[in-house]
Every structure is written in C-alpha cells, then in structure tokens.
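Here is a short walk through one protein model. Keep the sequence and the 3D view open as you read.

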Amino acid sequence: MRPKEYYNAKTVQEENNFVFTILPSELEQQYLTHIKKQIEEMETDSGNVRCRSYLDIPNGSQVMQEIWKGIGRANIVIADITFFKPNGMLELGVALMTKDAVYIIADSAHKKDTPTGLPY
C-alpha cells in the first residue's frame, strides 16, 4: 500500500503519548536498550508514553502498512538518519508531511553516511 492511499483512507487516529521511531536496523540494540526504554519510562499527565518502531513489527506482517499506521498514530516521530536508507527517508518524508512534531537525529561520527544539508 502506498502512503497516499493509506493516509487518504484515514484508517487510524493520532494518539497522545505515542512515539514512532524511524531507525535503521543497525541501531536495533540501541533502540531496544536505550531509546524505547527511556521513552516508555516517561510519564505525562495523561499516562505513560508508548514507543514503537518497525523493529517491533513481527516478521510476516505487512511491514509498510504497519509503518504508515505507526506514523499516523504518533504525535511525535523521531527519525535517525545516521545510516542513510531509502526506505527510512521515504518514511521521514511522510512523517514531515503529516506530523507537526518530527525530530531528526544522527550520529555525527557517521557524518559521511548522512545526507547533506540536514541538521545534525
């Protein structure tokens, strides 16, 4: 399913306290031990914060549809562009077009692996 088809169908509502992360698979261990754990330990007035990434999607699922759903549900999207990947950049583009709170991060030690012109 293409992003336009998914978002035109409006199949999901944005949720408070839901963060979706766009991360390369090279950062899976950091995601599980640091990023997800830290985000889910946060509390707001309306409850605990939940965090999800494509790394949490079970094998055999319709991965792209689950990613679009995650971006649609999120009120915050965090994208790590350290290891430039075309799929990640597509997901980032969709998030930038559909969300108000999108944070782009990168590890400056891998500067050669990130697109130029983006802040990091």
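Start at Lys36, which lies in helix H2, a stretch that covers residues 28-40. The model is a predicted one.

Which residues of H2 are buried? They are Tyr31, Lys36 and Ile39. So Lys36 counts as buried because its relative accessible area falls under 20%. What covers the buried residues of H2? The cover includes three strands: E1 (18-22), E4 (50-53) and E5 (76-80). An α-helix has 3.6 residues a turn, so residues three or four places apart point the same way.

Now step back to the whole chain. The protein has four helices and six strands. Along the sequence they follow the order α-β-α-β-β-β-α-β-α-β. How far apart in sequence are the residues that meet? Take the contacts with a separation of 6 or more: 73% of them join residues 24 or more positions apart. Of the 120 residues in the protein, 36% are buried. The exposed surface comes to about 7400 Å², and carbon and sulfur atoms supply 50% of it.

Next, go to the loop between H1 and E1, where Asn17 is found. The phi of Asn17 is near 65 degrees, a positive value in a residue other than glycine. Most residues other than glycine have a negative phi. Is Asn17 buried or exposed? Its relative accessibility is 11%, so Asn17 counts as buried.

Turn to the aromatic rings. How many aromatic pairs are there? The count is zero. A ring can still have a charge over it, and Phe18 shows this. The charged end of Arg73 sits over the Phe18 ring, 4.0 Å from the ring centre.

Last comes confidence. The mean pLDDT of the protein is 83, and 82% of the residues score at least 70. Which elements mark the two ends of the range? Helix H1 (residues 3-9) has the lowest mean pLDDT among the elements, at 68. Strand E1 has the highest, at 96. E1 is also one of the strands that cover the buried residues of H2.

Methods
Residues are numbered from 1 along each chain as its sequence is written. This is a predicted model: local features need pLDDT of at least 70, side-chain atom pairs count only at pLDDT 80 or more; totals for chains, interfaces and linings use all residues. Side-chain values use heavy atoms; hydrogens and water are left out. Buried means under 20% relative accessible area, exposed over 50%, partly exposed in between (1.4 Å probe, protein chains only). Contact means heavy atoms within 4.5 Å. Accessible areas come from the Shrake-Rupley method with a 1.4 Å probe; for residues, only the protein chains shown count as cover. Rings of Phe, Tyr and Trp (its six-membered ring) pair if their centres lie within 6.5 Å; planes under 30 degrees apart count as stacked, over 60 as edge-to-face and the rest as tilted. A charge sits over a ring if NZ of Lys or CZ of Arg is within 6 Å of the ring centre and within 35 degrees of the ring normal. pLDDT is the predictor's confidence in each residue, from 0 to 100.
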